[in-house]
Amino acid sequence: MFHQILLQIFQKLNNERSISAAYHVLRGKRSGQTIQDIGLFQLHNYFGLLPKLPRATFDEAVSLFSQNSWLIMQESGHYSMKKLGLQRAEQTPDFLFDGWHYRGNEHIFFARLSLIVQSLSYQSAGIRSFSPISRDTNIQSWVRTFLLEHNYQDGHLQQQLLEECESVLSELSLSEANKQLVLHRLSGYGLPGWTWQQLASERKEAVLDCQLAFIELLHVFLNEVHQTTDYPLLGKIAEELRVKALLTDSAQQTAHLYEQGYSLEQIMQIRKLKQSTIEDHLVELAMYEPNFSIGPYVSYKEAEKVWQASKQYQTKKLKTLHEVVEGMSYFQLKLVLAKGEV
């Protein structure tokens, strides 16, 4: 699965960015460039899937792709996909990740769920003391409050939570083998959860692929829970884990000032940041805020020229567009590409 995901990302970024851009997407780098790449190349699903991905693991995959003649590396760090690589990318399945909206918070959800299940299991067995599956004090505190609020000792909570989990899993358009991942990872009295190594061995795949399948499952599971009020318990466990703000924290501060009527120059002075940084924030606004107008910076005629050039030269490279569209700054070009075709 890891190699298939990489192929899809490389295909979308083909010839437009360095090989490291894909790495930054998977790690969830919160830089202006990566955030812009996410929007320009429609990479939202993959954002932040593997925040701890070792560079060596990534480089090994790139080396393999090169050996297989799927891509050609350049000394500059850029790459281009070869015909065989593009064919392989086209053959990969459509994954159901939602990295942009969860950004690792799916693991908080499962940590809460795991500890709740473990606690209820031991409570049903009449055992009050056990070693918690999660050592995170924030998770422990949250679960303790949840259990008390839902009167866990009367025995109804366990059955209701089981019914909700079964109902959600039955709705998911995933293989039964992948749905089983959530069950195998849960622990209870006398039933320890499977390790990643055990699961990978059972599924005959790499540990990283197994973990990615689990992340995809959690994303689909959480989106199902968030789409309806039919799962009150799971909805509570998933509370505030879906990221609503589409901008980086710094860009949000700039957006707040911009909405108050401050000019770009005034925002620079107030925030004591470089012009290029504030411009990147406005590009984020153009990309993710539907009501943001680029009109004060770019005319309709100029925007049309940019998109015509982008189509003609089959590129979104700023350097190329800057050379062929006269009189446009890099900031204006970024705004047009970020806002989308006129």
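These legends walk you through several close-up views of a predicted model. Residues are numbered from 1 along each chain as its sequence is written. In this predicted model, local features need pLDDT of at least 70 and side-chain atom pairs count only at pLDDT 80 or more, while totals for chains, interfaces and linings use all residues, and side-chain values use heavy atoms, leaving out hydrogens and water.

**View 1. The protein chain as a whole.** Welcome to a chain with 19 helices and two strands (DSSP runs numbered from the N terminus: H or I of at least four residues for helices, E of at least two for strands). Its C-alpha atoms fill a box of roughly 75 × 55 × 35 Å along the principal axes. Of the 342 residues, 46% count as buried (under 20% relative accessible area, with a 1.4 Å probe and protein chains only; over 50% is exposed, and partly exposed lies in between).

**View 2. Helix H1 against helix H2.** Here H1 (residues 2–13) packs on H2 (residues 19–27) at an angle of about 125°, with the axes 10 Å apart (axes are lines fitted to C-alpha atoms, for helices over the stretch in contact, and angles run from 0 to 180 degrees between N-to-C directions). That angle makes H1 oblique to H2 (under 35 degrees is roughly parallel, over 145 roughly antiparallel, 65 to 115 roughly perpendicular, and the rest oblique). On the H1 side, look for Phe2, Ile5, Leu6, Ile9, Phe10 and Leu13, which meet Ile19, Ala21, Ala22 and Leu26 of H2; contact means heavy atoms within 4.5 Å.

**View 3. Phe10 and the largest nonpolar core.** Among the 109 residues of this core, Phe10, Phe109 and Leu234 touch the most other members (a nonpolar core is a set of buried Ala, Val, Leu, Ile, Met, Phe, Trp, Tyr and Cys residues joined through side-chain atoms within 4.5 Å). Helix H12 (residues 207–226) gives the most to the core, with twelve residues. Setting aside neighbours within four places in sequence, Phe10 is in contact with Ile19, Ala22, Phe58, Val62, Phe65, Leu71, Tyr79 and Met81.

**View 4. Helix H7 across helix H12.** The two axes come within 10 Å and cross at roughly 80°, so H7 and H12 are roughly perpendicular to each other. Glu106, His107, Phe109 and Phe110 of H7 make the contact with Phe214, Ile215, Leu218, His219, Phe221 and Leu222 of H12.

**View 5. Ser119 in helix H7.** Ser119 lies in H7 (residues 105–124). Ser119 is buried, with a relative accessible area of 13%. Not counting residues up to four places away in sequence, Ser119 touches Phe130, Val143 and Leu147.
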